[in-house]
Structure formats: C-alpha cells, structure tokens
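Me: I want to learn how to read pockets in a protein model. Can you take me through it?

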Amino acid sequence: METQRKTLFVGRHGVKNGNDIVPESLARLHAFGQTSLYDFVSQYSVTPEQTFVRHSNEIRTLRTAKAITAGAFQIPLEFSTQGVDSLALPVKNILQSQSLCYPSNFKFNAEAIKQEGEAVYVTNWVNSPDAKEYKGVEVTPLKDILIQARRGLENALRGSLREDMKLGILATHAGIVEAYAINAINSAREQVPVENISEIGGPFPMEKGFVIQIDKSQKSGTYNAKLIRDNQEYPIDLNNL
C-alpha cells in the first residue's frame, strides 16, 4: 500500500440524561463507529493496540468514546449504561485528557442557554472570541478555550503520527469541539483565520464531530492532512500547529 493512513475522530458526547447516555444515542454512536470508522479499520488492518481513546473528566464522554470504538471494531454493545460501563474494550490506551475538559473556572451564561438554546448560544459565543460577558453575565472567552484546545490537538496529532498508532477517538463537550476544529482549520490559513462559526460548518450537536484524515506517502515520506465534516473537506497544515 503506497499510502499510510491515520484517522483521528473528535466529537461531542452523546445525548445525555445526567451523565448517562440514553440508549437510543448509544445505538447511534455505535452505528457511527460501524459506518464511518469500520471501513478504515478493516482496509488498513487497524488493531486495538494501534488505537487510543481520550475523554474528559465527565463519564458521559468516556461512555461516548467506548460506544464509538466498539462500533469501529464491530464489537457488540448492550445499549444501556450498565452495558457500556461493563464493556471490556480490547483498546487499553484510554486516558482522560485535560484539554477535553472544561477548565475548573469555566464560566457561562446558563440562563441564556435555557432561553436561546445551545446552538444559538455557542454560535454567538464562538463569533465573539474575545468577549468576557454574554448578555451581562461573565463568561470564559473562546480565546481561552482555543489555547487549551490547540495544545490538545497538538498532542492528539502527535499521538496519531506515532508509528504504532493508526486510530484516535476523542470525546468532549460543546465549545471545546468547535475550538479543536477552528485550530485545525486555521493551521492552513496563512492570513485570515476562522472568524465565523459558519466557516467550520456551524456548532456541533451532541453525538457529532469531525474526522482528521492523515495520509503519509510511503515513497516521499510527506504528509497530507484534512478535516472532514459532513462531506465538507478543509486542508490542515501539520507543520503549523
């Protein structure tokens, strides 16, 4: 095979009830792994030993990542909290990543989210990256999360580029997944960075995310990387992260 491929998935946790992922969402996450990642796993002979999983400090992200990973390796899953918690994945490289967590001092306007809906809130927050207030309430600005997410993206890509790794699955939260996507897309933009959330395809609903596909030419040793979301592709410059 002339091209060596690596795949990194970054997405939001599933639809939740408290910290539980509801059964219907677990089923969809598992199906996503089967339909969107299994072909890569099969074609490039990816093993569990060549896979790493990262999640936040909230167990719903670990449950999300486990459901997706099970689907990617065609491992049956009982779609319940007990089923996903008791699932013994053959993947052993599973760790919490601070870059996928909200900072301990993270501030947001809960009342605005309740009134406007999460998608509107995240859109407005992302589109005003320096704002420290949202409708009169102190909030953590996006620019702070971008710094955190850039470090996390660098670490994840570094892990993906290791010779013994082929697949990475990262599960996180609203606001953080957008920050990861912005950093990835900005890497290939020399002058004009992302200024509007529409440039990354809008906010990410629960269960949704993006794939970073990295191809290495066996002949030249050069890398070609892109972010893929809903069939839309964005170039990534691995040397500018």
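What follows is a short talk about the pockets of this predicted model.

Me: Where does one start when looking for empty space?

Reply: Rolling a probe the size of a water molecule over the atoms shows where empty space is left. In this predicted model, start with the largest pocket, which has a volume of about 530 Å³. It has 24 lining residues.

Me: Which residues lie closest to the centre of the largest pocket?

Reply: Look for F9, F32, S36, L37 and V211.

Me: Which elements each supply at least two residues of its lining?

Reply: There are two kinds to find. Helix 1 (23-43) is one of them. Strand 1 (3-12), strand 9 (209-217) and strand 10 (223-229) are also among them. Helix 1 provides the largest share, 9 residues.

Me: How does the lining of the largest pocket split by class?

Reply: Count 10 nonpolar, 7 polar and 7 charged residues.

Me: Now the second largest pocket. How much space lies in it?

Reply: About 450 Å³. Its lining is made of 20 residues. Nearest the centre are Y102, F108, I113, E118 and A174.

Me: Which helix gives the most to that lining?

Reply: Helix 5 does, with 4 residues. This helix spans 118-127. Helix 4 (110-116) also supplies at least two residues.

Me: And what is the class make-up of the second largest pocket's lining?

Reply: The lining there has 11 nonpolar, 4 polar and 5 charged residues.

Terms used
Residues are numbered from 1 along each chain as its sequence is written. This is a predicted model: local features need pLDDT of at least 70, side-chain atom pairs count only at pLDDT 80 or more; totals for chains, interfaces and linings use all residues. Side-chain values use heavy atoms; hydrogens and water are left out. On a 1 Å grid over the protein atoms alone, a cavity is a set of points where a 1.4 Å probe fits but cannot get out, and a pocket is an open set with protein on both sides within 12 Å along at least five of seven lines; lining residues have an atom within 4 Å of a point. Grid points are joined across faces, edges and corners, and a volume is the space filled by probe spheres set on the points. Ala, Val, Leu, Ile, Met, Phe, Trp, Tyr, Cys and Pro count as nonpolar, Asp, Glu, Lys and Arg as charged, and the others, Gly among them, as polar.
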